[in-house]
Structures are given as C-alpha cells and as structure tokens.
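Subject: A structure for you to look at

Hi there,

Here is the structure I promised to pass on to you. Please open it next to this email and follow along as you read.

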Amino acid sequence: MGKKPRLICDACQIEMEEMEAQFAYLDKFFRHKVLRCPLCGQVYLPQELVEGRMKDVEKTMEEK
C-alpha cells in the first residue's frame, strides 16, 4: 500500500492533518477523523466517506 497523498489547504497553503471533526445532522452530532487544516480548520471530506459512512448515519437518523 502506498502513502496517503498530501493535501494542502488552499487558503493557508499548509499541509492538512488527520484530526477529529464534529458533524451535525438533524440536531444530532457525531465525530470522525478527517483531514483538516491545523490553522483555519478547513475540512477535506473524501468521496468514500460522504457516500459511505455519512450517508449511513443520515439514513439511520432519518428513520428515527
């Protein structure tokens, strides 16, 4: 397996780091590790996270 690609924050021009971020949906909150800019907090959400885990959480919350 290769190295993860480096992502640079467009606003700050520094490398994003893996950190926990809090997300909210339908007044519910959950935390997940994502790439974030350590300076401004900009978050990078990979397609597989949005179409996988987050979509599952949305579906579960909407069913309640």
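**What turned up**

Glu 20 is partly exposed, with a relative accessible area of 39%. Here, buried stands for under 20% relative accessible area, exposed for over 50%, and partly exposed for anything in between, using a 1.4 Å probe and protein chains only.

Before going further, a word on the source: this is a predicted model, in which local features need pLDDT of at least 70 and side-chain atom pairs count only at pLDDT 80 or more, while totals for chains, interfaces and linings use all residues. Residues are numbered from 1 along each chain as its sequence is written, and side-chain values use heavy atoms, with hydrogens and water left out.

Back to Glu 20: which residue does Glu 20 form a salt bridge with? The partner is Arg 31, and the closest N and O atoms are 2.8 Å apart. A salt bridge is counted when a side-chain nitrogen of Lys or Arg lies within 4 Å of a carboxyl oxygen of Asp or Glu. Arg 31 lies in strand E2 and Glu 20 in strand E1, so the pair ties together parts that are 11 residues apart in sequence. Arg 31 is partly exposed too, at 45% relative accessibility.

The count by this rule is 2 salt bridges. One of them joins the side chains of Glu 15 and Arg 6, at 3.5 Å from N to O. Glu 15 is partly exposed at 37% relative accessible area, whereas Arg 6 is exposed at 59%.

**The sheet**

Now to the strands, which are DSSP runs (E, at least two residues) numbered from the N terminus. Two strands pair if DSSP finds at least two bridges between them. In this model, 3 strands form an open sheet in the order E1-E2-E3, with antiparallel pairing. Strand E1 (17-25) and strand E3 (43-44) are at the edges with a single partner strand each, so one side of each has no neighbour in the sheet.

E1 and E2 pair over 9 bridges; for instance, Ala 24 has Phe 29 in E2 as its bridge partner. Their hairpin has 2 residues between the strands, and Leu 26 takes a positive phi near 50 degrees there.

Strand E2 (residues 28-36) pairs with E3 over 2 bridges. Arg 36 has Val 43 in E3 as its bridge partner, and Leu 35 stands opposite Tyr 44 in E3. In this hairpin, 6 residues come between the strands, and Gly 41 takes a positive phi near 90 degrees.

**The core**

Which residues make up the largest nonpolar core? They are Ala 21, Phe 23, Phe 30, Val 34 and Leu 49, 5 residues in all. E1 and E2 are the elements that give two or more residues to this core. A nonpolar core means a set of buried Ala, Val, Leu, Ile, Met, Phe, Trp, Tyr and Cys residues joined through side-chain atoms within 4.5 Å. In soluble globular proteins, nonpolar side chains tend to be buried together.

Take a look at the two rings here. Phe 23 and Phe 30 form a stacked aromatic pair, 5.5 Å centre to centre with 25 degrees between the planes. Rings of Phe, Tyr and Trp (its six-membered ring) pair if their centres lie within 6.5 Å, and planes under 30 degrees apart count as stacked, over 60 as edge-to-face and the rest as tilted. Phe 23 is buried, at 14% relative accessible area, and Phe 30 is buried at 14%.

Enjoy exploring!

Definitions and conventions:
Helix = DSSP H or I, 4+ residues; strand = E, 2+ residues; numbered from the N terminus.
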